[in-house]
Amino acid sequence: AAIGGHPNARFNLGCIEWNNGNKERAVKHFIVAANQGYDDSIKALMVAYKGGFVSKENLAAALRAQKAAVDETKSPQREAAEKAFAS
């Protein structure tokens, strides 16, 4: 699933790698998930940044990519549908 592009699967792989002590490999998975718009991966990257496992530049790039991915999914039709289902 992770290879197929599922951000949740990438994030989960990152968590497994992190817990196994493979911090650098975990960060790579978190970055891929962030690039696909997965919010929890940004939180994980912030923790990794505080621990010194991610550079400021890589964190900023991941934040920009995550925002771009989220912005791509926004449309007036989706917003109208969300309002319709919320009420």
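The protein has 5 helices and 0 strands, where helices (H or I, at least four residues) and strands (E, at least two) are DSSP runs numbered from the N terminus. This is a predicted model, in which local features need pLDDT of at least 70 and side-chain atom pairs count only at pLDDT 80 or more, while totals for chains, interfaces and linings use all residues. Residues are numbered from 1 along each chain as its sequence is written, and side-chain values use heavy atoms, with hydrogens and water left out.

Along the sequence the pattern reads α-α-α-α-α. The C-alpha trace spans about 45 × 25 × 20 Å along its principal axes. Of the 87 residues, 28% count as buried; buried means under 20% relative accessible area, exposed over 50%, and partly exposed in between (1.4 Å probe, protein chains only).

Two helix pairs are set out below. Axes are lines fitted to C-alpha atoms, for helices over the stretch in contact, and angles run from 0 to 180 degrees between N-to-C directions.

| Helix pair | Angle | Axis distance |
|---|---|---|
| α1 (residues 7–19) and α2 | about 165° | 8 Å |
| α3 (residues 39–50) and α4 (residues 56–72) | about 170° | 11 Å |

The angle of the α3 pair makes α3 roughly antiparallel to α4, a class for angles over 145 degrees, with under 35 counting as roughly parallel, 65 to 115 as roughly perpendicular and the rest as oblique. In this pair, Asp39, Ile42, Leu45, Met46 and Tyr49 of α3 meet Lys56, Leu59, Ala62, Leu63 and Gln66 of α4, contact meaning heavy atoms within 4.5 Å. By class, the contact of α3 with α4 has 7 nonpolar, 1 polar and 2 charged residues; Ala, Val, Leu, Ile, Met, Phe, Trp, Tyr, Cys and Pro count as nonpolar, Asp, Glu, Lys and Arg as charged, and the others, Gly among them, as polar.

Residues of α1 that meet α2 include Phe11, Leu13 and Trp18, and those on the α2 side include Val27, His29 and Phe30. The contact of α1 with α2 has 10 nonpolar, 2 polar and 4 charged residues.

His29 lies in helix α2 (residues 23–35). Its relative accessibility is 12%, so His29 counts as buried. Leaving aside residues up to four places away in sequence, His29 touches Arg10, Leu13, Gly14 and Glu17.

Phe85, by contrast, belongs to helix α5 (residues 76–86). Phe85 is exposed, with a relative accessible area of 73%. Its C-alpha atom is separated by 41 Å from that of Phe53, which is 32 residues apart from Phe85 along the chain.
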